[in-house]
Amino acid sequence: MKQHITHDTPRGTAPALSGGVKGPHALRPLLDAVLEGLSEGAVRRDGPLPAGGPADLAALTATALAEAGGAREEPAGPGAAVLRSLTTLLAQGSADPADPGCAAHLHCPPLAVAVAADLAVSALNPSQDSWDQAPAATELETALVRDLATMAGYDPALSAGVLTSGGTESNLMGLMLARDHALGRAGGRPTELAGLPRDLTPRIFTSAAAHFSVQRAAAVLGLGEQAVTGVPVDHDLRMDAGALEEQLKRSAAQGETPVAIVATAGTTDTGGIDPLPRIADLAAQYGIWLHVDAAYGGGALLSDRLAPLLAGIERADSLSLDWHKLGWQPAPAGVFLARRAETYAPLARRAVYLNPADDEEAGYPSLLGLSLRTTRRPDAFKITATLAALGRSGLGRLVDTCHDLAHHAAATVTAHPRLELHTTPVLTTTVFRYRPASGTPAEADHLNAALRRRLLREGRAVIGRTELPGQGPGRVRLKLTLLNPHTTPAEVESLLHTVVAAGRAEEELTSRDQRSTRRPR
């Protein structure tokens with residue numbers, strides 16, 4: 001029979017803890033306060049985001065903090081009351097991706113089952129850096145990584161992976177392993193130990209529409225952002241494989257050391273998917289590490305309809321997935337996978353207080369050498385719970401619903417004389433712009449940017465803004481990133497009509513300003 005440790009010192013009025021036998025009882029009134037605050041804040045907000053601007057929200061926050069006590073020395077009152085007040089503030093002042101009018105970013109409304117699962121993780125507070133801090137969570141993450149590797153077309157017995165904070169961390173890990181593989185081989189010394197060879201010119205190839213985290217990773221890894229070569233893209237922002245081949249030939253002729261090709265499966269702006277099979281052929285031909293950033297497009301693996309778009313992803317040496325995009329998880333829920341476990345060797349780490357060799361020899365597993373982080377919450381649990389509750393097919397239906405919404409948005413844009421579609425949606429993003437009645441390309445850019453801010457200021461909609469690759473004016477575009485499977489086609493139409501109304505209002509404002517400046521004094 002287990003013996004429980006007793007405490008000689010009285011507990012007095014010590015704050016309640018979330019774990020143990022008494023934890024759930026202590027949590028219940030606090031959870032009620034949070035739920036009441038979420039509801040009250042949503043009613044006060046009454047839309048996708050609070051009306052006003054940064055100054056208004058700063059004033060609202062300052063007032064709420066003063067009422068709640070802020071960081072004062074003594075408590076402001078009962079915890080449940082304070083928590084309800086602050087939760088109301090947070091909900092009132094948030095952009096809510098569950099609102100049909102909030103469609104700017106790869107910012108999904110999380111599923112209730114995933115949020116509830118995340119609560120269990122927060123209450124127990126396991127940490128994945130040692131088995132004795134997270135026994136069950138260690139096994140759950142290991143099982144989930146195997147399942148996701150299988151879904152991506154990897155051999156689960158030969159691959160490896162880990163949960164990450166998102167695509168930025170996953171891309172960094174992929175490029176780190178690529179760096180150590182390429183430069184260690186070329187320089188004859190392990191890069192993770194000896195550092196970067198000085199006599200080599202490293203080169204990373206990625207599309208001009210790739211995520212900025214590729215450049216950031218190159219800087220962090222000591223390669224420098226200038227090591228990243230941008231490959232031209234087509235109208236749909238997909239990498240031009242012919243241009244990539246020419247750049248590879250030119251780089252080889254100049255004696256440079258190729259580190260990696262980074263292909264994108266789901267660009268942030270259009271959802272474009274690079275031609276993965278052709279890129280994989282080139283990577284194999286030149287012996288270059290292929291990393292696929294599928295942080296957005298990886299969600300297509302859930303859909304029988306869209307999964308074929310990712311043909312060739314199984315040939316990547318490593319890849320990034322983000323389940324807090326097309327997976328409806330609360331952030332963070334990133335995943336990094338490596339096709340061959342042995343390429344993970346540079347990350348191996350022994351810390352005697354976390355994963356001593358004799359523990360591992362005795363059968364206690366360790367995930368420490370799979371991650372860049374030490375303390376790490378078990379984000380695999382919420383994904384596991386979601387997959388168990390809905391299955392791949394259930395999540396796939398959500399993907400298909402959002403894909404249908406994007407195509408409905410594109411049809412609505414095409415049918416409206418004041419809107420212009422950029423390209424047919426690939427995943428769940430629709431890129432377009434408002435067409436003013438007259439004016440220059442620069443004026444059209446200014447008007448599209450201004451109408452978006454008008455919608456923000458009025459609290460009516462959150463839509464995305466981007467710029468197409470190239471030079472000069474006329475490249476500003478708006479976008480709807482449709483990740484809410486509860487949104488209806490009628491609500492998408494209403495949102496686009498709201499954009500048109502804002503555009504017309506901005507045109508009228510510009511016209512009045514011009515008339516005012518022409519009046520004789």
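**Entry 1: a pair of strands and their sheet**

I began with strand β11 (residues 462-467) and strand β12 (residues 476-481), which pair in the antiparallel sense over four bridges. Helices (H or I, at least four residues) and strands (E, at least two) are DSSP runs, numbered from the N terminus. Two strands count as paired if DSSP finds at least two bridges between them. Across this pair, I found T466 opposite R477 in β12.

A note on the source: this is a predicted model, where local features need pLDDT of at least 70 and side-chain atom pairs count only at pLDDT 80 or more, while totals for chains, interfaces and linings use all residues. Residues are numbered from 1 along each chain as its sequence is written, and side-chain values use heavy atoms, with hydrogens and water left out.

Which strands make up the open sheet, and in what order? I read off five strands, β1-β11-β12-β10-β9, with mixed pairing. β1 (102-103) and β9 (419-421) stand at the edges with a single partner strand each, so one side of each has no neighbour in the sheet.

**Entry 2: around β7**

Next I looked at β7, where five of its five residues are buried. Buried means under 20% relative accessible area, exposed means over 50%, and partly exposed is in between (1.4 Å probe, protein chains only). S318, S320 and D322 point one way from β7, L319 and L321 point the other way, and all are buried.

I then checked the partners of β7. β6 and β7 pair in the parallel sense over four bridges, and D293 stands opposite S320 in β7. Strand β8 (residues 334-338) runs antiparallel to β7, and five bridges join the two. Here L319 stands opposite L337 in β8.

Most residues other than glycine have a negative phi, and most peptide bonds are trans. I went looking for exceptions.

The loop between β7 and β8 holds W328 and also P332. Phi of W328 is near 60°, a positive value in a residue other than glycine. Is W328 buried or exposed? W328 is buried, because its relative accessible area is 0%. A cis peptide bond joins A331 and P332, with omega about 0°.

N125 also has a positive phi, about 55°, although it is not a glycine. I placed N125 in the loop between α4 and α5. With a relative accessible area of 62%, N125 is exposed.

**Entry 3: salt bridges**

How many salt bridges does the structure hold? I have 34, each being a side-chain nitrogen of Lys or Arg within 4 Å of a carboxyl oxygen of Asp or Glu. I wrote up three of them.

R84 forms a salt bridge with E36, the closest N and O atoms being 2.9 Å apart. The pair links distant parts of the chain, with R84 in helix α3 (residues 79-92) and E36 in helix α1 (residues 23-45), 48 residues apart. R84 is partly exposed at 32% relative accessibility, and E36 is partly exposed at 39%. I also noted that E36, E40, R44 and R84 are linked in a network of salt bridges.

R377 forms a salt bridge with D118, with the closest N and O atoms 2.6 Å apart. This pair links distant parts of the chain too: R377 is in the loop between α11 (357-361) and α12 (380-415), D118 is in helix α4, and they are 259 residues apart. R377 is partly exposed at 28% relative accessibility, whereas D118 is buried at 13%.

D281 forms a salt bridge with R315, the closest N and O atoms being 2.8 Å apart. D281 lies in helix α10 (residues 276-286) and R315 in the loop between β6 (289-294) and β7 (318-322), so the pair ties together parts that are 34 residues apart in sequence. D281 is partly exposed, with a relative accessible area of 36%, and R315 is partly exposed at 34%.
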